[in-house]
Amino acid sequence: MKVVDLPVSGHPLVTLRHLERRDAPAWYAYLADPAVVEHTSWNLRCVDDLQANFDDYASAEASSSIRLAVVLREGGRLVGTIGFNAISPQHRTAEIAYDLAPAVWGQGVAASLAATVVEWGFQRLGFLRIQATVLDSNERSIRVLERCAFEREGYLRCYRQIRGRSGNFWLYARIAGV
């Protein structure tokens, strides 16, 4: 799904733009940080492992993932990404996903952008349900989802392999208009 008009960030520190292939080194730089990936399912060995994602993001297919770059207002440095995976045009559903560099942790960036992108998903993209799966150890992301009015719906045991181990995830969701 090629997106033209992007959501507008109200956070004073960051703004959103399209994610581009030239962002791969900066994206990989913070995704290679053990503190960032500790509570996620990312499993990258090198920057080239991100390239397949860019092919999906560039696709015009309605079910293609959407990923936006989170950049500092001053200087434009990439400090995160946010968007939707597992988009189902038929069911009007998607899964929100985001990651941030430690440099912007604890400043309300994730919650602010998640709220903005979720509303954009409902209003502009027409989703009826937006869900999130979060590794049960990822307390920061759980707090972000709960601040953004996501409701915990279930526990997914052995849901994904996380760097060779089975990971348990919480399932959260928000419904349009609720």
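The model is predicted, so local features need pLDDT of at least 70 and side-chain atom pairs count only at pLDDT 80 or more, while totals for chains, interfaces and linings use all residues. Residues are numbered from 1 along each chain as its sequence is written, and side-chain values use heavy atoms, with hydrogens and water left out.

An unreviewed UniProt entry lists residues 14–176 as "domain: N-acetyltransferase"; UniProt positions follow the numbering used here, feature names are shortened, and annotations may be inferred rather than shown by experiment. This span is 27% helix and 37% strand, and its end C-alpha atoms lie 26 Å apart. Helices (H or I, at least four residues) and strands (E, at least two) are DSSP runs, numbered from the N terminus.

A nonpolar core is a set of buried Ala, Val, Leu, Ile, Met, Phe, Trp, Tyr and Cys residues joined through side-chain atoms within 4.5 Å. Buried means under 20% relative accessible area, exposed over 50%, and partly exposed in between (1.4 Å probe, protein chains only). The largest such core holds 48 residues, of which Trp27, Val70, Ile82, Phe84, Ile96 and Phe150 touch the most other members. Helix H4 (residues 109–123) supplies the largest share of this core, eight residues. Beyond its neighbours within four places in sequence, Val70 is in contact (heavy atoms within 4.5 Å) with residues including Val14, Leu16, Ile82 and Leu113.

Arg67 sits in strand E2 (residues 66–72) and is buried, with a relative accessible area of 7%. What does its side chain meet there? Polar contacts join the side chain of Arg67 to those of Thr81 (2.8 Å) and Asp99 (2.7 Å). A polar contact is a pair of N or O atoms within 3.5 Å; within protein, one must be able to donate a hydrogen and the other to accept it, and residues adjacent in sequence count only if both atoms are side-chain atoms. Arg67 also touches Trp27 and Ile82, among others.

In helix H5 (residues 139–147), Ser141, Ile142, Val144 and Leu145 are buried. Seen down the axis of H5, these residues fall within an arc of 160°, so they line one face of the helix; the arc is that of the directions from the helix axis to the C-beta atoms.

Ala149, in the loop between H5 and E6, has a positive phi near 65° and is partly exposed at 45%.
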